[in-house]
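Me: Hi! I'm new to this one and would like a friendly walk through it. Could you show it to me, please?

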Amino acid sequence: MYTGKITNNENFKMIGDWTSQSKTLKEKYPLLVDADLKFEKGNENDLLTRVGTRLNKKRDEVINILRKVQPSA
């Protein structure tokens with residue numbers, strides 16, 4: 001059961017159409033640029049680091065932001 005709380009050790013995996021999700025993120029967070037949102041499957045940690053740095057957010061906050069734009073499982 002998802003409680004909304006994330007630990008720093010949790011492995012985060014992207015699901016769904018990243019192109020669509022990244023467009024939504026850019027609309028919600030205009031500070032984000034294409035380079036921040038570059039994503040290669042298996043390199044989620046790189047994405048989390050770039051987005052977190054740009055938005056000045058902690059890893060768990062970034063994971064929660066990204067989960068909000070992912071399709072419901």
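**A chat about the helices and the loop**

Reply: Buried in α1 are W18, Q21, S22 and L25, where buried means under 20% relative accessible area, exposed over 50% and partly exposed in between, with a 1.4 Å probe and protein chains only. Helices are DSSP runs of H or I of at least four residues, and strands are runs of E of at least two, numbered from the N terminus. This is a predicted model, where local features need pLDDT of at least 70, side-chain atom pairs count only at pLDDT 80 or more, and totals for chains, interfaces and linings use all residues. Residues are numbered from 1 along each chain as its sequence is written, and side-chain values use heavy atoms, with hydrogens and water left out.

Me: Which exposed residues does the face turned away from the buried side of α1 carry?
Reply: K23 and E27 are there.

Me: And what do the buried residues of α1 pack against?
Reply: They pack against α2 and α3, with contact meaning heavy atoms within 4.5 Å.

Me: How do α1 and α3 cross?
Reply: The axes of α1 (residues 18-28) and α3 (residues 59-69) come within 9 Å and cross at roughly 115°. W18, Q21, T24 and L25 of α1 make the contact with I65, L66 and V69 of α3. The axes are lines fitted to C-alpha atoms, for helices over the stretch in contact, and angles run from 0 to 180 degrees between N-to-C directions.

Me: Which residues are buried in α3?
Reply: V62, I63, I65, L66 and V69 are buried in α3. They cover an arc of only 160° around the axis, which puts them on the same side of α3. The buried residues of α3 pack against α1 and α2.

Me: Changing topic: where does L37 lie?
Reply: L37 is in the loop between α1 and α2 (44-55). L37 counts as buried, at 5% relative accessibility.

Me: What does L37 touch, leaving out residues up to four places away in sequence?
Reply: Its contacts are W18, S22, L25, K26, L32, L47, R50 and V51. L37 and W18 are 19 residues apart in sequence and 9.1 Å apart in space, C-alpha to C-alpha.

Me: How many salt bridges does the structure hold?
Reply: There are three, a salt bridge being a side-chain nitrogen of Lys or Arg within 4 Å of a carboxyl oxygen of Asp or Glu.

Me: What does D36 pair with in a salt bridge?
Reply: Its partner is R54, with the closest N and O atoms 2.8 Å apart. D36 lies in the loop between α1 and α2 and R54 in helix α2, so the pair ties together parts that are 18 residues apart in sequence. D36 is buried at 7% relative accessible area, while R54 is partly exposed at 39%.

Me: And which residue does K26 pair with?
Reply: K26 forms a salt bridge with D34, and their closest N and O atoms are 2.5 Å apart. K26 is partly exposed, at 33% relative accessible area, and D34 is exposed, at 55%.

Me: What about K38?
Reply: K38 bridges to E40, the closest N and O atoms being 3.9 Å apart. K38 is exposed, at 53% relative accessible area, and E40 is partly exposed, at 44%.

How values were computed
The arc is that of the directions from the helix axis to the C-beta atoms.
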